[in-house]
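Trainee: Can you walk me through this model? I'd like to take it piece by piece.
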Amino acid sequence: MTDMFSAADHEFMARALQLAAKGLFTTTPNPRVGCVIVRDGKVVGEGWHQRAGEAHAEIHALRAAGEAARGSTAYVTLEPCSHFGRTPPCADALINAGVSRVVAAMEDPNPRVAGDGMRRLAEAGIAASVGLLEAEAKEMNIGFVSRMSRGLPWLRIKSAASLDGKTALSNGSSQWITGPDARRDGHRWRARACAILTGMGTVRGDDPRLTVRDVDWQGMAPRQPLKVVVDTHLEIPLSAAVLQGGHTLVVSAVDNPHRVAALADLGAEVVVLPGDTGRVDLPALMAELARRGVNEVHGEAGMRLNGSLIREGLADELLLYLAPTLLGHSATGMFQLPELSDLSGQRRLSLTDVRKVGEDIRILARFQ
């Protein structure tokens, strides 16, 4: 597929991906998209999608290009939309602007588009091709692709631990194992997520706020992800920091109208999703989050919930920060998983990125 594209095509699509990354923290539930319009080998317009409900990348780029868009090539990181949502179809805007060629990095996984945008362009006489830097484009919108293709958000579990895999002492002390650079980096991963997930063990032990801090919003207004607490018995203290400021979803296995009303007074919503074991139905929770437009979930929980998410096959990726220290065998581990009697039962992962962040090591690993 890539043989049909020139070196210049690659260069301009790479720039479009750079523009798409500007919306990394802000576009939810929409995908991050960038667009570059080129005429006679020169960029005449650029744009990127900033927020849902606002103009798409193509519209920003066309406005910047003006009349220079006629006869140009548009490089866009996602197939132009062909349906009326909160904004008109971008495919029609490109046609009306007189663009002569459109190169898309990937087809839109949204069933409402799914190739229709490229077909509409081709039917209008525009040379339309797809597949340039496709892997990079999918990576940019891994959560959106997951939600559209699987009906589930992309779940990334974050954990900070010692080199021997321990997240806290047996007495609960855990602040801080990793250094300030790793903690700042963790907030960037929070910022790109649509929701931050934790459990009652973490709420009791750490009383986290689960807010995004220490992040450069690149001139955009700060956006706080949805805070999600798995609380099987609806025991969360009304004084919990995670409830402050609202925008919190408490997920329980039991209904308690009095507690639900008290939490509602604090701006929190309760969803009851009982599973067969009397605990929260975690697959149903993930499906519910997808229904709400959540693309990426950033998990910051304890070993029990982490282990449950892995056992249920819901975890897609691990984001691990390892500090150059040892806490000993009696300290708390990262994942509560059943003991293996045979190595054939081990859960294999692929390392996708390993780097040093401050004095710590950051590992990104995906379940195979």
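Trainee: Which residues of helix 2 are buried?
Mentor: In helix 2 (residues 57-65), the buried ones are Ala57, Glu58, Ile59, Ala61, Leu62 and Ala65. Buried means under 20% relative accessible area, exposed means over 50%, and partly exposed is in between (1.4 Å probe, protein chains only). Helices (H or I, at least four residues) and strands (E, at least two) are DSSP runs, numbered from the N terminus.
Trainee: Before I go on, what kind of model is this?
Mentor: This is a predicted model: local features need pLDDT of at least 70, side-chain atom pairs count only at pLDDT 80 or more, and totals for chains, interfaces and linings use all residues. Residues are numbered from 1 along each chain as its sequence is written, and side-chain values use heavy atoms, leaving out hydrogens and water.
Trainee: Back to helix 2. What do its buried residues pack against?
Mentor: They pack against strand 1 (34-39), strand 2 (42-48), strand 3 (73-76) and helix 3 (90-96). Contact here means heavy atoms within 4.5 Å.
Trainee: And what comes just after helix 2?
Mentor: Gly66, with a positive phi of about 60°.
Trainee: How do strand 1 and strand 2 pair?
Mentor: They are antiparallel, with six bridges. Two strands pair if DSSP finds at least two bridges between them. Cys35 stands opposite Gly47 in strand 2. The two strands form a hairpin with two residues between them. Asp40, in the turn, has a positive phi of about 55°.
Trainee: New topic. Where is Thr26?
Mentor: Thr26 sits in the loop between helix 1 (7-20) and strand 1.
Trainee: Why does Thr26 count as buried?
Mentor: Because its relative accessibility is 3%. Not counting residues up to four places away in sequence, Thr26 touches Gln50, Arg51, Met220 and Arg223. A polar atom of the Thr26 side chain lies 2.7 Å from the backbone oxygen of Gln50.
Trainee: How many residues are in the largest nonpolar core?
Mentor: It has 44 residues, and Met13, Leu62 and Val102 have the most contacts inside it. At least two residues of this core come from each of helix 1, strand 1, helix 2, strand 3, helix 3, strand 4 (101-104) and helix 4 (116-123). A nonpolar core is a set of buried Ala, Val, Leu, Ile, Met, Phe, Trp, Tyr and Cys residues joined through side-chain atoms within 4.5 Å.
Trainee: What does Met13 touch?
Mentor: Leaving aside neighbours within four places in sequence, the contacts of Met13 include Tyr75, Val76, Val103 and Leu132. There is also a second, separate core of 33 residues, which includes Val251, Val271, Met286 and Leu314.
Trainee: What about Arg101?
Mentor: Arg101 lies in strand 4. It counts as partly exposed because its relative accessible area is 22%. Beyond its neighbours within four places in sequence, Arg101 contacts residues including Phe5, Asp9 and Tyr75.
Trainee: How do strand 15 and strand 16 pair?
Mentor: Strand 15 and strand 16 (residues 360-367) are antiparallel, over eight bridges. The bridge partner of Leu351 is Ala365, in strand 16.

Key: Polar contact = N/O pair within 3.5 Å; in protein donor to acceptor, adjacent residues only side chain to side chain.
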